[in-house]
Amino acid sequence: MSEFLQHLINMLVLGGTYALLGIGLTLIFGIMNVVNFTHGVLYTFGAYIMFIVVHQLGVNFFLALPLAVVAGWLLGAAIELTLLRPLRGSDIDTTMLVMIGAWIAMQSGALWIWGGVAKSVTTPFPEAPLVLGPVSVSWLRLFVLAAAAMLIVVTYLLINKTKLGCAMRATFQDRDTASLMGVNVDLIYTSTFAIGSSLAAAAGALLGPVYVIFPQMGDLAAVKAFAIVILGGLGNITGAVIGGFILALAEELGAGYVSSGYRDAMGFLIIIAVLIFKPTGLFARSERVG
Amino acid sequence: MTAPATALSVEKVAVHFGGLVALSDMNFSVGEGEIVSLIGPNGAGKTTAFNVVTGFLDPTRGAVNYRGTALNGLKPHQIADLGLIRTFQRTSVFPNDTVYDNLLVGLHRQGRVGLLEAILGLPRARSSQRRLRERASELVEWVGLERRAYDLAGSLSYGEQRLVGVALALAAEPSMLLLDEPVSGMNASETHTFVQLVRNIRDRGVTILLVEHDMPMVMSVSDRIVVLNYGRIIAEGSPDVIRNDPAVIEAYLGQGAKRA
Amino acid sequence: MRAGVAILAIVAFASVPLWLRDPYLMNALITTGIFIIGAMSLNLLLGFTGQLSLGHIAFFGIGAYVSALTSLGFDVGLPFGLRIVHVPWPPIVGFVLAIVVAGLCGYLVGLLSFRVRGAYFVIVTISFAEVVRLVALNWVELTQGPLALTNIPSITVGLPGLGDLTLRTKLQNYYLVLSVAVVTYLLISRLVHSHFGRAMRGLMENETLAVSVGIDVTKTLTLAAVISAGIAGAAGSLYAHYIRIIDPEVFAFINTVTMVIMVITGGKGSLAGPVVGGMIFGLLPVFLRPIMAPEAQWIAYGGVLIVILFVLPRGIVPSLALRFAKPRTRAETVAPVAFSERDAKEHA
């Protein structure tokens with residue numbers, strides 16, 4: 001039983017960050033209809049920013065997180081402006097392939113610059129975990145959970161309570177009508193991609209210190225993000241949050257009770273299963289973002 | 001005088017999109033060898049009806065039968081195999097292929113040979129290919145597009161693309177042809193030519209159902225006309241009957257009356 | 001003209017071992033040839049049927065493992081206390097089985113994936129390949145996991161009356177790969193120009209229209225997937241028996257990307273495109289190795305893919321063909337006049 005509780009705790013921590021990943025992608029995929037293969041790279045990018053900022057620039061760990069988010073935002077905006085905007089109107093295959101090219105180039109860049117040896121980030125938290133009855137959780141992971149929760153709330157507020165969020169939701173429903181209503185669709189697209197990318201970077205920045213940082217870490221993250229989006233339904237933030245926790249649960253239980261080698265297969269299996277049996281996702285409310 | 005055998009029968013068809021009733025209790029039939037037109041003001045449900053009849057939309061209630069076979073639940077390619085071929089209003093061609101190659105694709109139902117025979121280039125496959133090429137040439141001439149045969153279909157004018165679309169449909173050897181707004185975008189002389197084409201097709205034994213807005217065209221080509229408004233049939237009969245039907249005139253608010 | 005170019009190319013390729021003595025380059029050519037076969041199979045789905053199958057390496061890798069395991073033999077335990085013991089069979093049988101099993105996987109993927117289209121199809125195919133990789137990595141009893149299957153025997157061909165010939169040297173393998181590549185090219189060429197090929201094209205160009213003239217989407221796409229997967233499996237088998245070591249890294253996504261870059265750059269939807277693209281991206285790493293680290297090369301390749309998609313989206317071969325095509329005379333619009341003339345004659 002205590003083992004189960006331990007898995008549950010782990011699941012909450014993991015699920016929170018997965019939710020960030022998923023929200024970011026569901027916004028991009030949902031609003032812009034772009035299969036964003038660079039999402040995983042942004043995750044990796046966020047993690048490496050943490051490494052650089054903390055270890056090479058000597059900045060405080062807690063300041064490094066917002067810096068990583070901002071860096072992710074900037075990189076996302078840059079990608080959208082240079083690669084996606086010129087291709088607006090092309091078929092989805094071309095956009096997908098361009099994203100793949102960008103993915104390969106950027107990941108190879110990370111490999112070239114930092115090498116394949118994994119890096120770790122030292123954190124200011126005490127080594128000893130917090131013990132609550134039968135379960136223990138490290139301070140770092142608690143921090144990760146809290147930070148993820150906060151970012152999820154901020155995103156919710158952004159999408160549902162701000163003018164920008166309203167414009168994003170309008171564009172999701174009907175791009176042409178939105179632009180006729182005065183929404184600057186170009187700006188919305190860049191903002192969406194930037195926001196989504198910053199969330200991926202945040203997820204990487206949070207999980208990087210928990211595990212280790214290496215150039216290919218984003219590959220699995222990308223697939224998991226797609227699994228979450230497919231689970232939760234395109235453009236559905238709540239669905240992405242729930243999907244993130246479901247995936248984390250599946251991974252924890254799978255690793256704990258089946259085999260740890262296949263842990264990462266959970267995401268893929270979910271994708272395949274959902275798309276075969278319920279292609280619109282478990283919570284599809286295709287008319288709404290938010 | 002015996003009535004023609006029924007080719008297509010639409011019985012009690014209703015289509016609901018959620019709470020919206022697009023079609024309610026539609027009943028009509030098309031006899032073998034007839035030319036029937038489906039008309040009505042914008043929003044009357046013509047497109048919905050057309051999609052039901054061609055198998056691209058399953059009705060919420062009711063049944064569509066073609067020569068006794070129910071169409072409900074059949075996939076579009078199965079409906080094509082029954083001999084029911086439709087045209088499209090937009091994207092009526094394969095734009096990046098030549099007109100000639102377009103027709104070769106349309107001849108799909110005619111050219112079936114085993115895959116292995118095709119790969120090995122066996123005589124049966126080769127003679128089948130030859131026959132198909134001859135037929136494609138015939139069809140190009142028949143719609144008068146020989147000089148454009150080797151141009152990309154996407155480069156043709158709107159009206160010419162429609163002709164390619166019809167030739168494509170004919171290539172599939174239909175026993176019934178369903179035309180979706182065939183003359184929209186055509187000028188008067190192209191329309192006149194098209195009417196001749198439709199009559200020629202019917203003379204070759206093909207039943208025809210068409211949806212159209214162009215009243216003079218409809219009046220001149222149809223044996224019978226079915227009028228829709230608000231998802232229901234409000235009148236049915238020969239062009240003369242329809243021309244003078246008060247319900248129809250009212251539905252069109254004088255537009256039909258002036259032009260017919 | 002086209003046939004002449006093809007024959008010239010075959011002769012040119014066949015003559016290479018007569019003047020090329022560098023074994024390192026020979027090796028590069030052989031592996032390039034194998035990847036070209038894989039690229040041609042991907043092109044069948046991507047270029048001729050319009051399906052972006054990004055899990056294609058799975059079929060290649062499955063072919064490699066099936067062929068290797070068939071010729072090495074294995075001994076595995078299954079659930080419920082079952083045990084399967086397989087004695088080694090001749091590699092040529094492995095080659096055939098590789099095609100069959102890969103083709104079967106193509107069939108399954110086709111059935112499953114064509115329920116979902118567009119972007120979701122891409123995601124499912126990627127997932128499929130990754131699941132296969134994880135299985136290869138974790139089912140150690142069967143695949144040796146990351147320790148790799150080693151000492152895979154070379155292919156032995158039996159010539160009637162002349163006895164068996166084991167293809168061990170680079171020269172022999174070069175001609176083996178060349179032969180398979182030529183056969184593959186011919187097969188795909190015939191397929192594309194057949195009735196079935198037109199169905200594939202119709203689906204790619206305008207699916208709604210194609211369906212309305214009786215083309216069966218599922219059947220066509222599934223058949224294309226089976227053939228495509230089978231060819232990829234054959235390539236995988238050649239790879240296994242040439243390199244003679246196979247590990248789960250054969251399923252890495254980067255290998256699919258390699259084939260995709262070859263096809264897109266060379267020209268999807270053209271027969272010669274994957275060959276040209278394959279030659280470029282198969283041999284470029286060899287020539288760039290002294291001056292650029294592999295990671296740096298991949299930055300460049302990613303960049304090349306992007307640039308090609310922006311600047312030359314059709315790819316090299318179709319763009320060249322367009323450049324040198326005979327200029328068309330402008331056709332006049334014909335319909336009204338000609339038709340009424342004929343019409344007048346008919347009713348006269």
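What percentage of the 260 residues of chain B count as buried? Here are some notes that start from that point.

1. The figure is 47% of the 260 residues of chain B. Buried here stands for 20 or more other C-beta atoms within 10 Å of a residue's own, with exposed at 12 or fewer and partly exposed in between; the C-beta atoms are placed from the backbone.

2. A word on the source: this is a predicted model, in which local features need pLDDT of at least 70 and side-chain atom pairs count only at pLDDT 80 or more, while totals for chains, interfaces and linings use all residues. Residues are numbered from 1 along each chain as its sequence is written, and chains are lettered from A and ligands numbered from 1 in the order in which they are written.

3. Chain B has 11 helices and 10 strands, taken as DSSP runs numbered from the N terminus (H or I, at least four residues, for helices; E, at least two, for strands). Its radius of gyration is 19 Å, close to the 18 Å that the globule rule gives for 260 residues, so chain B is as compact as a globular protein of that length. That radius is taken over C-alpha atoms, and the rule is 2.2 Å times the number of residues to the power 0.38. Along the principal axes, the C-alpha atoms of chain B fill a box of roughly 65 × 45 × 40 Å.

4. Contacts are pairs of residues whose C-beta atoms, placed from the backbone, lie within 7 Å. In chain B, 67% of the contacts with a separation of 6 or more are between residues 24 or more positions apart.

5. Chain B splits into domain 1 (1-83 + 174-260) and domain 2 (95-172), with bounds from an automatic or database domain assignment. The domain centres, over C-alpha atoms, are 27 Å apart. Where they touch, domain 1 of chain B gives 10 residues and domain 2 of chain B gives 9 residues. On the domain 1 side, α2 (76-81) and α7 (188-203) of chain B each supply at least two residues, and α7(B) has the largest share, 3 residues. That side divides into 7 nonpolar, 1 polar and 2 charged residues. Nonpolar covers Ala, Val, Leu, Ile, Met, Phe, Trp, Tyr, Cys and Pro; charged covers Asp, Glu, Lys and Arg; the others, Gly among them, are polar.

6. Chains A and B have no contact, and their closest C-alpha atoms lie 14 Å apart.

How values were computed
Two residues are in contact if their C-beta atoms, placed from the backbone, lie within 7 Å.
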